[in-house]
Amino acid sequence: MDSVAQRLSVVGAGAALELRGVTRLFGALAALTDVTITVRPGERRAVLGSNGAGKTTLFNCITGDFPPSSGTIRFFGEDITQFPPYERIRRGLRRTYQISALFPGLTVQDNVYLACRGVSRGRFSFLRPGQNDALMHATETLVQAVHLTGVKDQRVAELAHGQQRQLEIALALAGAPRFILFDEPAAGLSPTERRELIEILTSLPAHIGYIIIEHDMDVALRVVESVTMMHNGRIFKEGLPREIESDPEVQELYLGGGHE
Amino acid sequence: MSLLQSTQFRPDPSANATRRALIRAWPEFQNPAAWLVALILVIMPLIANGFFLIEIFATTLILGVIALSLMFLAGYGGMVSLMQLTIAGFAGYMVAVFGMSGNANISLGWPWWLATPMALALATLFGTLGGALAVRTEGIYTIMITLAIGAAFYYFTNQNWAIFNGHTGINTVATPHFWGVDWRSDIAFYYVTLGVAAICYFAVQYVSRAPFGLALQGVRDNPRRMAALGFNPNAHRIAAYAFAAFIAALGGVLQVWNYRQISPGSVSVGACIDVLIIAVVGGITRPIGPFIGALIFVLLRTFALDVLIKFGLDGNRFRLLIGLGFLAIVFWSSDGVIGLWERWRRRSTTATQRSGGGRHG
């Protein structure tokens, strides 16, 4: 049943992301307990689990928003457990937030420009970018990629929910991402917007791996090649999408919850 | 409103885009009222006498520059620092200590062109170190730490005689003379302050749209997300304190040249709070706010006394008027006089739009 995990553990040092015994405590509450995950470069994986299973805490530990209480995290072989978030991001890790974490007072273009600037040099530059600034071009391209060119001069606060979700993804694609953590990117999207999201995810360059937290199985299982199931802060099951889908224990715990 | 205009007049899309970018970058270049204010400020010496030139306008510009440094921190960085006047006062003291003054036992007697850069550098360092302390906290604790720094400096100047000459302070501070001009004479000094204020104003305006300023606004809105984009939020905050400290220091140098003396009274806690009042009354969302606030403050401070006496009240109660005005503005507009002005303008434009729509209907 752990075939994927076994296959991946052989890759070992070549892993994009490697968590060993990661535990995160909030006071007496263990949000994560002894989580060990290995994801190889370019791999796309879904993390499933009910509310409170520790999925978002897992992301927060990987990006350093909250450091783990114990355990180690390696990113492309480098031990990043003690790194502040920005050092991890500069090494090619990206994330999106479950509840859009954007800059509502700034325009769409400025939001994306900040994301591009954050992972390049000149973060403290006192000089305004000119018309031919390379990062401005990168910004334009990215805004276009998530279909927001029409609203690029609007303040983010004025955008519709779906557009904010798209912008959230654009921020994670800035620079040269190597691995992305998507936290419920489809939350609150219409069916059309979901199709667009699937298209964006499946058309990412092959070398970019990701972990996606998603409750919508139609989205989650169509864009990944492996699944990790979490329950009460622990890894419950790992496997291929169809294995997880047909697993009776998983159905009992998660998928079948609505049929009672 | 700007969206409406851009859809109505569209002769050439690319030229229009460039023009819009320019308007966004330098809004005041498109505003006839801004040109008018600039013109009046430039020809002011033809209109105003020495008293108005120095006691009202130069003083306004100097206080405006110091409050501008607070506006930069509070408006773009979300950090309310009460030590901006302390930094200015420190720069003023350093001009007096390194330069020439009536207190020959203290002043080192350096020429102004050496003493001034030294004062600016030391005051910027002082503000940066204070900022490095303050960024460890947020909100009310930032206010407390910066207020503590301000209060500590005030009491230190009171008690230290070796450098700060205790409560008597340093008097008859020398001001620059070169190219045959006494730069402290009324008209020359007015232009010096106007030039420095204009440079600071446009620098803040420019930096607010540069990567550093944008990132600072990002840190203000969501520091956690900024870290998840690759920025080090605290490094940006400290850099903002350094930039603001330099602006405050420029104001401090002008202030000591203006009064030709500096004493603990110039850096008192009350004066620190005055800077906060100036910035909040004017409005901390745009760089013009602190200057408007400073003008209101200086006018009240100068004329409230006469007005109060005319009404048979004690003239020393002018602070009561400032306090009431502060209360009224904070009560009606969290965004100072600028906020009131913008709300009034928006209301009048919607009114004209409504009447325009009526004609079409």
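**View 1. G239(A) lies in strand β10 (residues 234–239) of chain A.** Strands (E, at least two residues) and helices (H or I, at least four) are DSSP runs, numbered from the N terminus. This is a predicted model: local features need pLDDT of at least 70, side-chain atom pairs count only at pLDDT 80 or more, and totals for chains, interfaces and linings use all residues. Residues are numbered from 1 along each chain as its sequence is written, while chains are lettered from A and ligands numbered from 1 in the order in which they are written. G239(A) counts as buried because it has 20 C-beta neighbours inside 10 Å. The cut-offs are 20 or more other C-beta atoms within 10 Å for buried, 12 or fewer for exposed, and in between for partly exposed, with C-beta atoms placed from the backbone. T228(A) is 11 residues away along the chain, and its C-alpha atom is 6.7 Å from that of G239(A).

**View 2. Six strands of chain A form an open sheet of mixed pairing, in the order β6-β7-β8-β3-β9-β10.** Strands pair if DSSP finds at least two bridges between them. β6 (93–95) and β10 of chain A are the edge strands, each pairing on one side only. From one strand to the next, the twist averages 20°. Angles run from 0 to 180 degrees between N-to-C directions, and axes are lines fitted to C-alpha atoms, for helices over the stretch in contact.

**View 3. β6(A) pairs with strand β7 (residues 179–183) of chain A in the parallel sense, over 3 bridges.** R94(A) has I180(A) in β7(A) as its bridge partner. Helix α2 (residues 55–63) of chain A packs on the sheet and touches β3 (44–48), β6, β7, β8 (209–213) and β9 (226–231) of chain A. The direction of α2 makes about 150° with that of β7(A). Contact requires C-beta atoms, placed from the backbone, to lie within 7 Å.

**View 4. Helices α6 (residues 84–98) and α7 (residues 112–134) of chain B pack at about 145°, with axes 8 Å apart.** Residues of α6(B) that meet α7(B) include F90(B), M94(B) and F98(B). Among those on the α7(B) side are M118(B), L122(B) and F126(B). The contact has 13 nonpolar residues, 2 polar and no charged. Ala, Val, Leu, Ile, Met, Phe, Trp, Tyr, Cys and Pro count as nonpolar, Asp, Glu, Lys and Arg as charged, and the others, Gly among them, as polar.

**View 5. Chain B puts 21 residues in contact with 28 residues of chain A.** α10(B) gives the most to this side of chain B, with 7 residues. The side divides into 12 nonpolar, 5 polar and 4 charged residues.

Notes. Two residues are in contact if their C-beta atoms, placed from the backbone, lie within 7 Å.
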